[in-house]
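Here are a few notes to read with the model open beside you. Take the points in order and find each residue as you go.

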Amino acid sequence: LPFPIRMAKNYARQGDAAFAKVDKINAELLTLTYGSMVSQLMKDFEDVEEVNKQLEKMGYNIGLRLVDEFLAKSGVSRCEGFKDAVEIIAKVGLKMFLGVAAEVTNWNTTTTECSLVLTENPLNDFVELTEQYNALFYSNILCGVIRGALEMVQMRVECRFVKCQLRGDDVSEMRITLKEMIPEAYAGDEE
Amino acid sequence: HPHRPTLMGVTCAAVVGKGNNPLYVRTFGVSEDEALRFHFVVHTSLDVVEERLQTRKGSPPGVGGLSDLYLGLLCPTDDYKVYGYITNTNAKLFLVTDDIDIKEADIKSFFRRFHAAFVDFVCNPFYSMDTAITSASFDREVVQLARSYQ
């Protein structure tokens, strides 16, 4: 079934409304704090792949906790499946927490995989990656946040960057794949 | 010496750290051999900067606003004029020009924008403070800045 345009418009409006309501901080504080964290991770681990992993792990822990806050403050009701969930993340979640919304594109035929495309990313401000950081996914924390958040609503996903503006691409793009729906454990489930 | 036209008279733009260590020296329209000469020009200008700063000892730079950061003409030689500027954190910016008609308003505005580009660059989390600036995008900014004073 084609995704109702009406619903997509609502999410964008809800995203703007949620963003307007939340407390704001200085954008440079966020950018510099995140940058300082990534550069410190590089100094501590010295290996780009390891830093990618650490960023994803940190994001995952944030995502687990963020969902309750998100659902409470954003006013969106529980999502109706993977496609709906991704639209909500792109239009409401990212807008509310990062200040920018993403486009959802490139769905596969079984609607289990798609792309989230960001044309701007405040985490990237002022950052310049030299050759030694070629394999670094600077904003990998976002992939972890998405994975953790979706896990809390019973979806196990994989999320990874496939395009990054810091690496010279025109946009930043995350590819999200639904691996399985996690069955909820029933409270009274004992023999 | 034959007068060689340069980009709008900006022959050299440089950044020197608070320890008087050169961080960035960019020349325009000169050969590599001549470029070395500008390292020397900047270096000798540092003495003049020290003198100027001595006279206002006690108060940190920037207390009086832009006029406080701009140090003015440091060294008029036969061929070039060297202008200086100090940032709030004691990094020094230099402009070397062979344009005898250059207006002070243009020099001040150059330094203001050079300072802004430096400030943005320094926010890169992967840049270690007070080390040599090798960023291609900072270099592009400075070239573009120098070009805009044609």
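1. Start with Arg175(A), which is buried at 12% relative accessibility; buried means under 20% relative accessible area, exposed over 50%, and partly exposed in between (1.4 Å probe, protein chains only). Arg175(A) forms a salt bridge with Glu113(A), their closest N and O atoms being 3.0 Å apart. A salt bridge here is a side-chain nitrogen of Lys or Arg within 4 Å of a carboxyl oxygen of Asp or Glu. Arg175(A) sits in strand β4 of chain A and Glu113(A) in strand β2 of chain A, so the pair ties together parts that are 62 residues apart in sequence. Glu113(A), at 23%, is partly exposed.

2. A word on the model before you go on. It is predicted: local features need pLDDT of at least 70, side-chain atom pairs count only at pLDDT 80 or more, and totals for chains, interfaces and linings use all residues. Residues are numbered from 1 along each chain as its sequence is written, chains are lettered from A in the order in which they are written, and side-chain values use heavy atoms, leaving out hydrogens and water.

3. Over all chains there are eleven salt bridges. One of them joins the side chains of Glu50(A) and Lys53(A), at 3.6 Å from N to O. Both residues lie in helix α3 of chain A, three residues apart, about one turn of the helix. (Helices, H or I of at least four residues, and strands, E of at least two, are DSSP runs numbered from the N terminus.) Glu50(A) is partly exposed at 22%, and Lys53(A) is exposed at 54%.

4. In chain B, look for the salt bridge between Asp79(B) and Arg37(B), 3.3 Å from N to O. Asp79(B) is in the loop between β3 (70-76) and β4 (81-86), while Arg37(B) is in helix α1 (residues 32-55), 42 residues apart.

5. Which residues have the most contacts inside the largest nonpolar core? They are Leu116(A), Leu136(A), Leu150(A), Met155(A), Met174(A) and Phe126(B), in a core of 53 residues. Its largest share, ten residues, comes from α4(A). Such a core is a set of buried Ala, Val, Leu, Ile, Met, Phe, Trp, Tyr and Cys residues joined through side-chain atoms within 4.5 Å. Leaving aside neighbours within four places in sequence, the residues in contact (heavy atoms within 4.5 Å) with Met155(A) include Phe82(A), Ala85(A), Leu150(A) and Leu178(A).

6. Cys143(A) is buried at 0%, and Cys159(A) is buried at 10%. The whole structure has zero disulfides.

7. Finally, turn to where the chains meet. The contact takes 13 residues from chain A and eight residues from chain B. About 840 Å² is buried between them, of which carbon and sulfur atoms give 65%; buried area is the accessible area (1.4 Å probe) that two parts lose on being put together, summed over both. Ser39(A), Phe126(A) and Glu128(A) supply 61% of what chain A buries against chain B.

Notes
A disulfide is a pair of cysteine sulfur atoms within 2.5 Å.
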